[in-house]
Amino acid sequence: MPGMESILSFCRALSSTKADIITIQKATAAIATEYRLGRVDIDISIREGFTPNAGTKYLTLFQNPNYTEYEEPFDFRFRVDREGEILARLYPLKGSVYTDAEEHELELIANISFFYFGRIRFADVVEKSAMTQYLTGLPNSGGYIAKAVPIFKAHRAGNYDGYFFNLKGFGLMGKKYGIKQGDDMIRQYAAKLADFIGSDEIVGHLGGDNFVAMIKKSRYDEFTKLLSGVPVTTIKNGQSTVVKLAATVGVWHIPGESTDAGDLIGLPGVAMNAAKNVLHQPLCVVSDRLLQQVAEQKRVLDRFPSAMRKEEFLVYYQPKVDSRSNTLVGAEALVRWNHKGEMISPGAFIPVLEREGEIGKLDLYVLEHTCMDIRRWLDAGIAPVQVSVNISRKDIADATLASQIIEIIGKYEINHRYIQIEVTETTDEAEHGLMTEFLNKLREHDISTAIDDFGSGYSSLSTLRNFNISMLKIDRSFINNETFSKNDEIILTDIIHMAERLGIEVITEGVERKDQLDFINKVGCFLIQGFYYDKPLPVDEFTERLQNKSYTK
Ligand code: C2E
Ligand code: MG
Ligand code: MG
């Protein structure tokens, strides 16, 4: 049982005149651990009229990162004269049981520390730290908004742009230079921003490598130029090195009539996200079109769970044809969303589901429905062909994925050779290992594997060298032109030749015209998927195709 000694050392730490927020956090962490607390929050409520920052601020003094579930908290309230109240909430770890004596000790700790520390100073520190980011001393989100509100209320916000920016590749810097150096770079970066801003401008640090700013419209060029590369120094191998920190930037040109600071972080945040994850550009400005797209994506996400439940997703099959014999030899399963009779293409929802980590569910749904169709064909005495199913690269982070795929195929008692799994190439080193394991496991179970959109990425040769694949799908960009380039012809001839020698089949997708077919035959590829033969077909039409596999071309 924790004793008086730990209570005293907690009080001692807090009673020091030098105690700042970090001291308080450390002392709290020590005592919380002894008393099996998972989290300690301080809520400070300041009454209207007492300071410009009236309202309630929340500060988490301690949180054990290994736990997220707690028992009901112990609440201790302290009134601070007329101006407000401080509430300390102590959350026991799930399952912790306390003796009466221990409960009294917790109360004692709360009371003594509050008394020692001095309630006003306590309120000061809490309020200040609730408003600033401890690493850089810049306002945090609460502090930033608190400073912005008067500008909005005074109808002056229209003179400003609102920014949200995130440092490019900062996670990698942390790995390269170490966490301490990373923190130091963030501090220097923040100091440079603080130097830049005028007395009527604001910059804030939301934590990590996320920053916000409200800068005069007249200084747009100057500020965006600064954000394209802020030099900071760091030590590497004992040598001082200058590193330029560039940011991905979202900008909101604040409209003149704007009087509400509510969107000041969110809107440029949306633009920053679009710049980083969708446009892959350094900067994006908030526009009506962007907001419509974001609303549309949100609709997709909101509707996704019920669409899955109601089985609104349909599987279409696009034939793969051997152009030498003009016969159907395979198909690709392509998903469509039948939303109230409107057929939505995957381009409208797959990227959103990938970004939000939801795509895995849909991919397995498509696989399962494909297996159901194959089962029906077999039962009806119709000979199926091998069907390839797309698996998003995001899914392979789940190490059990290959087993889940095998299990689903097994559930319908389908010969593994009827299924092929398609994935796209990757340049990401972390994904490389996962991908290798995933493909190996499938191949061990005689499930065919294909690399989709081959040649559209940057890693084609290493893909051939390293991955256990059965088929390459040549990207349609190679044949998408009016005329065919000599370079493409040479590259394709060699790739196809190389693949053949490695025992890998080659198919070309997106073949629409006879001249494209001739070109691709000339370079040695005869498996074809494209509108020249067929579009993706609803299951009934495809079932008819299966019953008559030859094309008259
Ligand atoms: P993909 O896997 O490369 O599929 C081929 C896409 O090219 C399909 O588009 C197909 O309709 C289209 N296509 C085929 N032949 C031609 C042609 O001759 N001309 C033209 N212009 N297009 C042709 P779709 O069905 O819109 O699918 C787009 C992408 O969405 C797919 O590209 C795939 O990456 C993804 N996708 C589709 N279904 C799924 C799925 O169930 N799971 C996952 N993760 N992705 C899927
Ligand atoms: Mg595909
Ligand atoms: Mg493709």
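Reader: What makes E332, N390, E422 and D452 the residues that coordinate the magnesium ion (ligand 2)?

Author: In this predicted model, donors are N, O or S atoms within 2.8 Å of the metal. E332 (OE), N390 (OD1), E422 (OE) and D452 (OD) sit at 2.1 to 2.2 Å from the magnesium ion (ligand 2), so they pass that cut-off. Along the chain, these donors are spaced as E-x57-N-x31-E-x29-D.

Reader: Which residue coordinates both the magnesium ion (ligand 2) and the magnesium ion (ligand 3)?

Author: That's D452, and the two ions are 4.0 Å apart. D452 lies in strand β17 (residues 448-454) while E332 lies in strand β13 (residues 327-339), so the pair ties together parts that are 120 residues apart in sequence.

Reader: How do you know whether T370 is buried or exposed?

Author: Same cut-off: T370 has 0% relative accessibility, so it counts as buried. T370 belongs to helix α12 (residues 359-379). Setting aside neighbours within four places in sequence, T370 touches V315, Y317, A333, V387, V389 and I419, with contact meaning heavy atoms within 4.5 Å.

Reader: How do you know that the span of helix α7 (residues 179-196) agrees with what it should be?

Author: Take 1.5 Å times one less than the number of residues. For the 18 residues of α7 that gives 26 Å, and the end C-alpha atoms are 26 Å apart, so the two agree. Buried residues in α7 include G182, M185, Y189 and F196.

Methods: Residues are numbered from 1 along each chain as its sequence is written. Chains are lettered from A and ligands numbered from 1 in the order in which they are written. This is a predicted model: local features need pLDDT of at least 70, side-chain atom pairs count only at pLDDT 80 or more; totals for chains, interfaces and linings use all residues. Side-chain values use heavy atoms; hydrogens and water are left out. Donors are N, O and S atoms within 2.8 Å of the metal (3.2 Å for Na, K and Ca); water is not among the atoms, so sites may look incomplete. Helices (H or I, at least four residues) and strands (E, at least two) are DSSP runs, numbered from the N terminus. Buried means under 20% relative accessible area, exposed over 50%, partly exposed in between (1.4 Å probe, protein chains only).
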